Amino acid sequence: MTNLIINNKKYQFELQGHETLLEVLRDHLGLTGTKTACDEAECGACTVIMDGKAILACITLATEAEGKTVTTIEGLANGDELHPIQQSFLDNAAVQCGFCMPGMIMASKALLDENPAPSEPEIARALEGNICRCAGYPKIMDAVKDAVKRLNAGNGQRVKTPDTE
Amino acid sequence: MTTSNKKFLDPVGKSVPRIDGKGMVTGQAKYVYDMKLPNMLVGKMLRSPHAHAKIINIDTSKAEKLPGVKAIITAKDTHKIKFGSNEFFFPHTIDQMALESEKVRYIGDEIGAVAAVDEKTAEQALKLIDVEYEILPAVFDPVEAMKPGAPQIHTAMSNLGVILPTNFGNVERGLKESDYIREDTFYCPSAAHTCLETHVCLGQWEEFSDKITLWVSTQAPFKIREALAKTLKMNLNNIRVIKLSVGGGFGGKLEMLPMDFAACLLSKKAGGMPVKICYSREEEFSYSRRKHNMIYKLKSGVKKDGTLMAITGEVIADGGAYCSYGPTVMAAAMMRIFMVYQIKNFRISGFRVYTNNPISGAIRGFGGVQSGFAVESHMDLLARGIGLDPVEFRLKNITTPNMTTTNKMIISSNGLKECIGKSTKSAEWTKKYNNPDYGKKGILRRGIGIGIAADVMGSKMYKSHESAGGIIKIEEDGSVYFFTGAADTGQGANTALSQIAAQALGVSFDRIRCKAADTEITPFDTGSFASRVTFISGNAALLTGKDAKRQILEVVAEEHKINIDDLDIIREEVVNTKENLVLMNFDKALELCYSFDYGRQIIGRGTYNPTTTPIDFRTGEGNVSGSYGFEAQIAEVEVNTETGEVKVIKIWDAHDVGKAINPKSVESQIEGSLAMGLGYTFSENLQFKNGRIVNPNFTNYRVPRISAIPPMESIFIETNDPHGPFGAKGMGEAALLPTAAAIANAIHDAIGIRLKDLPFTPNKIIKALKEQEGQL
C-alpha cells in the first residue's frame, strides 16, 4: 500500500511500483489539471509541488511521493476564490491555450513560496523548463511579477499550500 | 435576480479576462486529451517503416488473436476514398487515403490501426501484424525529385504536384529599365508546430442510430466532419464533431488525419466502444504536418531612386508525400508580396514538389514566413545596393490605402506607412542604422533591421464560400447564449467574439455564455485559419447581436408605441434615443418579451461571407480577403563576434489591427508570434535523414524558452477598417512573418554579413565572420 497526501487529502493505493505520479494523478484520481506534452521531462506541463519543491510528475514514481505532500493545480484555489497567482495569470492575459498553465502556475508557486521577491532572471530560471508555445512568455513574466505584488500586499494573508506550512 | 453584474459594459476595446480563463488557471478546462469514457479503448496507428514501398500483404491474424484486442482495421475495411485539403481549387491534389492499401510514401504512412483495452496491448498488437513490402527507390531532395527519371511518388500526377506560375507585367522590360539588379538565394528549413496538446481524438459509433461522434483537438471541426463523411461514406448529419479546449493549433490541426478516421471506424468495428487515439510527442513531430522547407531564388531590379521595377524568380518547396494544404501555402507565399509592395512586373514560378519526406502542410503564416524571410532580406539588399536607407526604400514602394494591387487585391484601410513610421521612431532608427559610432566597435556589435509584412483575414480554401454564422438565444431571465462555429484554439476567439456579440447587443460581456464549435449545435464555420476568425466570425457575431437586439426592441416599440428606429440598447438599458430617455433595463425588457402579452422568444441570427474572389491559381490574381492587415517590425541585435551568438536587444512591432477588440489578447498574439519567429530564426529546424525526422523531441528541436525572449514593444495602429466588426482586422499570423528578415537585416547592419540560410546558429555566424576576414 502506498500512502499519498494530495491536495491535503489522504489516499491509499495498491500500486505495482512502475506508475508515475502523473499516471496516478490523471488516471487513478482523475486530477486531469496536471498535463504532459512530452512525457519525458522536457516541457514542464506536469509540474506539481512535492514537499515544497517543483517536480516533474512524469518522471516521478508515485511511490517516491510516499509520505510526502503533493499539491497540484486543483489544490490551489480556495473554493471559488482563486489563488493570487491564478488570479494574476488570468488578469494579465497570460493564458492562451491554457495547456501549459497548470505547470507554469505550479512552478511559479514553488518559486514564490521559496523566494517572495524574485528578480526577473530568477523568475526566468524557475520557469525555464516550462514551454509555452502560444503566448511567448512576456505576459507570463508580467503575471508572476504581479503575483509577487499581490502576495506581498496581502499583509500576512498570503495563501500557503499545506506543504509549505 | 439579474444574470449580469454589469462589470464589462461596452466590452469592445477592453482587455476583459478570457471567457474560459478561470477553467484554464484552475486545471478544470477540459481538453480531448483529458477525456475518458466508459469502456474506452486505446487506438494506435500501424505505420510504414519505409519511405517508399509497395504493400504486398498485410496479415493481421496473429494480432486479432491477442487478448484485449477489440478491433483492427486496414484499407480492406474502408471505401478507399481519397481526402485532401484543397477540394475546391485543386481537386487533383486530393491524394491521400485514410489507410493506404497499395503503396506507402513516407515513413509513418498509415496502413492500419488497432484498438485494444490498453496502450500496452495495442502496441503489442501492432507488432504482431505482418506487413510484406516491396521497397521502392525513394527521393528526399525536392530538387532531385523534379528531375526526369526521379522515383515517381504518385501515379496520378508527376512529382511536380503543384505548379503556380504567378505572372504580371513585363519582367524583362522592368529589369532592363532598372539601374541595379541582384540575385539572391534563400534557404528556409522545415519546422514544427509543437502545439502543447498533441493530436488527439476520441471516436464513438452509436449502433442504434449509426451515428458517429468525434471529439477532436482541432482548428476546423466542420472541415473534419466533411472529410469523415466523404471517407466513411456517411451523411454529414450522421457525424458530429465536437471541439473542447484545444492546446494550440498553429495550422497543424486544420484537417482530418488518418487517426480521426481510424478512431471512428475502430469504434464501429468494436461494436460502439469509444476509441481514443493520442499522439506521443515523437508521433506529433514525425507524423502530423510540418512547415514546407523552401528554396527562394529571387532576382529583382530597382531604379536609383529606389523604385522597385521587377521581381522574378523561382520557389521550390518540399511537399513531402502528400499535398495537404500545399497549394494554398504556395499561393499565400506569393500573394503576400503584392499586399506589401506595389510591383507591376512580377514573375515567380512556384513548385511544390512531392518527396518521400513527411507531409508538409499549413503552419502559421501559410508560406508567408518563408516568403517573409526571403523577400524582406532581398529587399534590404536591393536598398543597400543603391545606397538607400532600407526604411526609405520601403516607404517608396509600399501599398497604400484604397488601392487595387497588381494581382487585383482590393485594399481598403492600410496602416503600413504608419506602422513603419511609428516603429522606426520608437526604435530610434535614424540614430542607430548604419551608424559606425553606434555599437560597431569591439567584440559586441550592434545592428538594427526592419521587416514588413501583410496578412489576409480569410481565404477560400476547401469550399466555394467561407461563411461564418452565429445564433443568440436570450432566456427570460436575461441569460444570453451565444453560439458560434468558430474554433477557439487558445487564441481567444470565444472571448473576442463574445465581446463583439455583447457590444452589438448592448449588454455587459459577463452576460454571454459562449457555446462553440460543435457541428451538431453551432452554426457552420470554415475554421480557424488565415487570421479569419475575428474578421469573418466576428462580423457574424456582430450581425447576430444586432438581430437579437432588434427583436427585443420590436417588443418594446410595440408596447410603448414608439418607432423602433428611435430605440436602442446601450449599456444594458433600453433607451429612447430621440428623447434621450431610459425606458427600462435589459432584464425588464426581457421580462416584457416573455410576458403574458408577448411570449416572444429572442433568437438572433447572423451570417457573414466576405465579398472575395477566389485566387486564380494560373496567374495569382484575386481579391482573396475581405480586408488586409499590415505591420512593420524592427529588431535590434548585438552580435558577439567571438562566439557567434546573437542577442536580440529589443523588437518593436507596429501592427495595423484595425481595432483591438481585446488589447491584451492582441498583444499576446503579437508576442506569441514573435516568439515563434525568434525560434525559427535561431534554433528551430526540423531535420530529416532518408525521410526520417531525426530530432522529434524538445531536447533536439529547440523551441524558445522564457529566457530567450527579448523585450518586445507592440504598437497598435487602429485604422478602423470599414469592413471589420467595429473596425477590427485579423492579426494572428502577420507578426511572425518578418521576424527572421528583420533579424537578418540587423545582423547585416551589425557585422556586414548577410545570412541567407536559416536558422542563424552561432556556428554559421562564426563561419561567415571567418570568410569575411579571409576576404579582407
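A polar contact here is a pair of N or O atoms within 3.5 Å; within protein, one has to be able to donate a hydrogen and the other to accept it, and residues adjacent in sequence count only if both atoms are side-chain atoms. By that rule, 4 residue pairs, both at pLDDT 80 or more, are in polar contact across the interface of domain 1 and domain 2 of chain A. The model is a predicted one, where local features need pLDDT of at least 70, side-chain atom pairs count only at pLDDT 80 or more, and totals for chains, interfaces and linings use all residues. Side-chain values use heavy atoms, with hydrogens and water left out, residues are numbered from 1 along each chain as its sequence is written, and chains are lettered from A in the order in which they are written.

As for the two partners, the domain assignment (bounds from an automatic or database source) puts domain 1 of chain A at 2-75 and domain 2 at 84-158. Their C-alpha centres sit 21 Å apart. Contact (heavy atoms within 4.5 Å) links 17 residues of domain 1 with 13 residues of domain 2.

Together the domains bury about 1100 Å², with 65% of it on carbon and sulfur atoms; buried area is the accessible area (1.4 Å probe) that two parts lose on being put together, summed over both. Thr47(A), Ile49(A) and Ile73(A) supply 40% of what domain 1 buries against domain 2, more than any other three residues.

The interface also has 1 salt bridge (a side-chain nitrogen of Lys or Arg within 4 Å of a carboxyl oxygen of Asp or Glu) by the rule. Glu114(A) and Lys53(A) meet through their side chains in a salt bridge, at 2.9 Å from N to O.
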